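Morning, everyone. Please have a look at the structure on the screen, and I'll walk you through a few places in it.

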Amino acid sequence: MTSNDPLIVDCDTGIDDALALLYLLADPGIDLRAITTVFGNTSADTAAANTLRVLELAGRPDIPTAVGAASSLRGTARLAPHVHGDDGLGNTGLPTPAGAPVTEPAAELIVRLARENPGRLRLLAVGPLTNLATALRLDPELPELVSHVTIMGGAVNHPGNVTPWAEANVANDPEAARLVLRAGWDVTLVPLDVTMTELLTEEHRLRLLAATTPTSRFAANILAHYLDVYQRNVFGSPRAACHDPLAAAIAVGEVSPELAPIVPVDVDTSDGQERGRTVAGRPGRDGSGGPGVRVALRTEGTFPERLVQRLGGVPSRTIDIA
Ligand code: RIB
Ligand code: CA
């Protein structure tokens with residue numbers, strides 16, 4: 001099911017966040033109402049500059065970008081230049097954006113748009129959940145106002161990607177993630193269990209590079225860095241996880257998980273080695289099961305093809321990758 005209800009994307013605009021934004025922007029039927037940024041892959045300010053770069057490249061500088069949390073609820077901020085480059089976009093050297101972020105802070109913007117669109121606003125969170133947690137603190141009625149929340153984060157039956165247990169978005173702010181996952185709103189969690197099975201490849205990159213639009217060539221350029229990082233650190237071959245674009249497609253109803261049980265999800269907020277672990281399907285630490293969260297555990301594995309086509313990549317048979 002797809003819908004044209006307004007959507008806010010909350011992101012830490014690095015490489016896969018940028019691909020997710022380009023995927024959404026390529027469909028004029030999606031009402032991308034605002035983008036809010038958070039620390040994570042890069043600082044919240046750099047994430048905003050990168051968002052503006054992407055919006056300008058895609059010809060949508062009219063979409064407001066608001067800056068959010070510079071650190072977690074505990075005041076920590078571990079960035080990821082080793083994955084996304086010093087600029088968060090694979091050191092691709094895009095020019096300084098012409099525009100600037102709005103002055104309204106991210107969490108306040110989320111609350112305002114939820115109040116202005118009761119029962120209609122959709123949220124897609126693909127970075128640490130600090131902005132959403134802050135918005136919940138500002139307005140405890142948010143869960144009744146927002147129609148749906150899709151979150152890229154967590155690792156359920158899959159190892160973590162920053163520790164053996166924890167995925168980056170949750171690990172960067174476990175307290176915020178716990179608050180958001182237990183707030184009682186309608187949530188779909190898109191964990192590593194599915195994002196690590198939807199893989200972009202060197203062939204996809206070449207097909208994007210062979211296309212003529214500025215957005216597809218930009219996508220190919222940032223993907224080159226991402227494939228290289230994944231080749232060296234994860235897969236040993238040029239394949240990369242499609243984390244945030246997959247969550248975006250699920251958020252707008254263009255991908256439906258084949259397996260997505262509704263179970264309580266808790267987050268380890270201890271200071272032990274499992275800090276940031278998402279624990280699904282067990283009673284919460286306070287003894288209650290906690291509210292159910294839809295957890296995507298299996299998708300078809302064909303989404304990267306859809307992403308490449310949406311971004312204008314040339315058909316497979318026209319590329320010689322020998
Ligand atoms: O663990 C993957 C997630 O962490 C993605 O959202 C990526 O962009 C980073 O934020
Ligand atoms: Ca992200």
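I'll take the metal site, then the cores, then a strand, then one threonine. Keep in mind that this is a predicted model.

Let's start with the calcium ion, ligand 2. Which protein donors does the calcium ion have? They are Asp12, Asp17, Val126 and Asp244. Along the chain, their spacing reads D-x4-D-x108-V-x117-D. Now look at where two of them sit. Val126 is in the loop between strand E4 (121–125) and helix H5 (130–138). Asp244 is in helix H12, residues 243–251. So the pair ties together parts that are 118 residues apart in sequence. The cut-off for buried is under 20%.

Next, the nonpolar cores. In soluble globular proteins, nonpolar side chains tend to be buried together. The largest core here has 54 residues. Leu7, Val9, Leu19, Leu24, Leu32, Leu124 and Phe303 touch the most other members. Which helix gives the most to this core? Helix H1, residues 15–25, with nine residues. Beyond its sequence neighbours within four places, Leu19 is in contact with Leu200, Ala219, Ile222, Leu223, Pro245, Leu307 and Leu311.

On to strand E6, residues 187–190. Both of its faces are covered. Val187 and Leu189 are buried on one side, Thr188 and Val190 on the other. What pairs with E6? Strand E5, residues 146–152, runs parallel to E6 and is joined by four bridges. Met152 has Val190 as its bridge partner. Strand E11, residues 292–295, is also parallel to E6, with two bridges. There, Leu189 stands opposite Val295.

Last stop: Thr278, in strand E10, residues 278–280. Thr278 counts as buried because its relative accessibility is 2%. What does its side chain reach? The backbone nitrogen of Ala155, at 2.9 Å. Setting aside residues up to four places away in sequence, Thr278 touches Gly154, Ala155, Val156, Val170, Val265, Asp266 and Val267.

Key: Residues are numbered from 1 along each chain as its sequence is written. Chains are lettered from A and ligands numbered from 1 in the order in which they are written. This is a predicted model: local features need pLDDT of at least 70, side-chain atom pairs count only at pLDDT 80 or more; totals for chains, interfaces and linings use all residues. Side-chain values use heavy atoms; hydrogens and water are left out. Buried means under 20% relative accessible area, exposed over 50%, partly exposed in between (1.4 Å probe, protein chains only). A polar contact is a pair of N or O atoms within 3.5 Å; within protein, one must be able to donate a hydrogen and the other to accept it, and residues adjacent in sequence count only if both atoms are side-chain atoms. Contact means heavy atoms within 4.5 Å. A nonpolar core is a set of buried Ala, Val, Leu, Ile, Met, Phe, Trp, Tyr and Cys residues joined through side-chain atoms within 4.5 Å. Donors are N, O and S atoms within 2.8 Å of the metal (3.2 Å for Na, K and Ca); water is not among the atoms, so sites may look incomplete. Two strands pair if DSSP finds at least two bridges between them.
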